[in-house]
Amino acid sequence: ARTVDRGADGVVTVGGMSVVRLAEEFGTPAYVLDESDFRARARAWRTAFGAGADVFYAGKAFLSRAVVRWLDEEGLNLDVCSGGELATALSAGMAPERIAFHGNNKSVQELERAVRAGVGRIVLDSFQEIVRVAHIARELGTRQRVQIRITVGVEAHTHEFIATAHEDQKFGIPLAGGQAAEAVRRALQLDGLELIGIHSHIGSQIFDMSGFEVAAHRVVGLLKDIRDEHGVELPEIDLGGGLGIAYTSDDDPREPHEIAKALTEIVTRECEAASLRVPRISVEPGRAIVGPTAFTLYEVGTVKPLDGLRTYVSVDGGMSDNIRTALYDAEYSVALVSRASDAEPMLARVVGKHCESGDIVVKDAFLPADLAPGDLIAVPATGAYCRSMASNYNHVLRPPVVAVRDGEARAIVRRETEEDLLRLDVG
Ligand code: LLP
């Protein structure tokens, strides 16, 4: 589905648009998002899970009204985790019953708004929230569909998972010590709530399915305990998001159909073993849908060789448009995209324009030794958690998100202006 190509002149095109033209029209830095690729990935998840399951795109990865409309058209649901994300979804016309609301400390106002709007599910994250939502729903004369988020004691990252004490974090209600069972007991007693299922999210950038296997086993174990204690079989389970993408060539992500098959098999097997009706499964991929669909286009400003070390290549953005390198030591690749070069590769570090030495975009990269100011370079796989975590550090203006499709480009989020920045300044 990817529509990235390099012409004979070395100029990269995406969705039929050359990066040189994109830079002229929209300026740099810019996130360039391939709309066809986004839609194809969304559709692949939808198709892989089929009619018997639900795919909730995790809006925290990147959300805008255009994205909400694409999801709507491709038949996906939406996971939001703040009032702001909820407002974006509703203002773009997403049907409230297709929205799931997450978060470990949703405010009373946010919860009221969600219940009033009629969101399809609120994922309860604490004992206080169980009571809070039940109260709000009763006051509003309704019953709110809810799931309870539990922590199964598995934390998965990349190629490994650790099944130890990872209840030691802020999300969810621990399965350990009977706390999750107690939460279920309380939720079932409150008439403002309709408990529809159990939720588990085990981590991010995961390639290995074994963490999901352990999580599914434990979630199904809880469903069985609920059946035995209360005589109810909860109809749904949500296994969260976290599926990994390729940031560099070392990463080997699984395809949606493989993931769907693996998760469905695990849940079915575990349920059959416990003689439970197989619940409806839902998942919440964010990164796996939007991550690979965008790259950040930068213009090179200065090139500074440090003898015997490396060459520092400064671009016109940095940690304000991609905090992931500084925050997580994330790895990215980079390429010259505005021309061909047969110069030798040089060891480079791509850095931003911020007043901070940790302002690194790509830590170790090889770029052609003739790289010069004015060249355009692109950092792939920046569709997830880059624009959504962008900041105004140093009063830098946040870049636009430009969607390209079939030879046309339009900003779906425009570039910030100094006026935008000053609008918040009082006095
Ligand atoms: N569902 C829940 C309940 C989550 O907490 C998350 C992510 C997702 C779904 C989506 O996960 P994904 O499929 O996108 O991995 N800022 C970090 C990632 C934080 C993820 C937080 N929760 C980063 O840049 O890697």
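Strands β8 and β9 (residues 144-151) run parallel, joined by three bridges. Strands here are DSSP runs of E, at least two residues long, and helices are runs of H or I, at least four residues long, both numbered from the N terminus. Two strands count as paired if DSSP finds at least two bridges between them. Ile 122 stands opposite Val 146 in β9. From β8 the chain crosses through helix α6 (residues 127-139) to β9, in a right-handed β-α-β crossover. Right-handed has a set sense: with the strands pointing away from the viewer, the path from the first strand over the helix to the second runs clockwise.

This is a predicted model, in which local features need pLDDT of at least 70, side-chain atom pairs count only at pLDDT 80 or more, and totals for chains, interfaces and linings use all residues. Residue numbers start from 1 along each chain, as its sequence is written. The pLDDT is the predictor's confidence in each residue, from 0 to 100. Its mean over the protein is 96, and 98% of residues reach 70 or more. The model scores ipTM 0.99 and pTM 0.97.

**Around β8**

Strand β8 covers residues 121-124. Which of its residues point which way? Arg 121 and Val 123 point one way, Ile 122 and Leu 124 the other, and all are buried. Buried means 20 or more other C-beta atoms within 10 Å of the residue's own, with C-beta atoms placed from the backbone. In a regular strand the side chains alternate between the two faces of the sheet.

Strand β7 (residues 99-101) also runs parallel to β8. Phe 101 stands opposite Ile 122.

| Strand pair | Sense | Bridges |
|---|---|---|
| β7 and β8 | parallel | two bridges |
| β8 and β9 | parallel | three bridges |
| β1 and β2 | antiparallel | three bridges |

**The open sheet**

An open sheet has three strands in the order β1-β2-β3, with antiparallel pairing. Its edge strands, β1 (4-6) and β3 (17-18), each pair on one side only. Strand β2 spans residues 12-14. There, Thr 13 is the bridge partner of Asp 5.

**The ligand**

The ligand has 19 residues around it, and Ala 58, Gly 241, Gly 286, Arg 287 and Tyr 385 come nearest. A residue is near if its C-beta atom, placed from the backbone, lies within 6 Å. Why does the ligand lie between domain 1 and domain 2? Domain 1 (4-33 + 292-423) and domain 2 (62-285) both give residues to the shell around the ligand, so it lies between them. The domain bounds come from an automatic or database domain assignment.

Methods:
Buried ≥ 20, exposed ≤ 12 C-beta atoms within 10 Å, placed from the backbone.
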